[in-house]
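Subject: Model for your files, with notes on charged pairs

Hello,

Please find the model below. My notes follow it.

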Amino acid sequence: MAKSAYTYRGHSIERIGHGKKALFQTTINEKEWSAATENLVKVGIDTWIDQGIEPEEI
């Protein structure tokens, strides 16, 4: 399983897997959170930083 990571607005985003089975994971407010697309994870991070609202589980 491929695994890579980078930082977006101070939060580490890990890509776990590859192709259609990839999952993007980060930690928001001390809770692990993941989504099927990188964009959804970035939106969750933006919402947490800009509005103080934790993203909902998908």
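Four salt bridges are present in the structure, a salt bridge being a side-chain nitrogen of Lys or Arg within 4 Å of a carboxyl oxygen of Asp or Glu. This is a predicted model, in which local features need pLDDT of at least 70 and side-chain atom pairs count only at pLDDT 80 or more, while totals for chains, interfaces and linings use all residues. Residues are numbered from 1 along each chain as its sequence is written, and side-chain values use heavy atoms, with hydrogens and water left out.

Arg-9 and Asp-46 form one of the salt bridges, with 2.9 Å between the closest N and O atoms. Because Arg-9 sits in the loop between strand 1 (3-8) and strand 2 (11-16) and Asp-46 in helix 1 (residues 38-51), this pair ties together parts 37 residues apart in sequence. Helices (H or I, at least four residues) and strands (E, at least two) are DSSP runs, numbered from the N terminus.

Arg-9 also forms a salt bridge with Asp-50, where the closest N and O atoms are again 2.9 Å apart. Asp-50 lies in helix 1 and Arg-9 in the loop between strand 1 and strand 2, so the pair ties together parts that are 41 residues apart in sequence.

On accessibility, buried means under 20% relative accessible area, exposed over 50%, and partly exposed in between (1.4 Å probe, protein chains only). Arg-9 is partly exposed, at 39%, whereas Asp-50 is exposed, at 52%.

Within helix 1, Lys-42 and Glu-38 lie four residues apart, about one turn of the helix. Their side chains meet in a salt bridge of 3.7 Å, N to O. Lys-42 has a relative accessibility of 23% and counts as partly exposed; Glu-38 is partly exposed too, with a relative accessible area of 29%. As for the network, salt bridges with shared partners join Arg-9, Asp-46 and Asp-50 into one.

One further residue is worth a note. His-11 is found in strand 2. What is His-11 in contact with, leaving aside its neighbours within four places in sequence? The partners of His-11 are Tyr-6, Thr-26, Thr-27, Ile-45, Trp-48 and Ile-49, contact meaning heavy atoms within 4.5 Å. His-11 is buried, with a relative accessible area of 15%.

Regards
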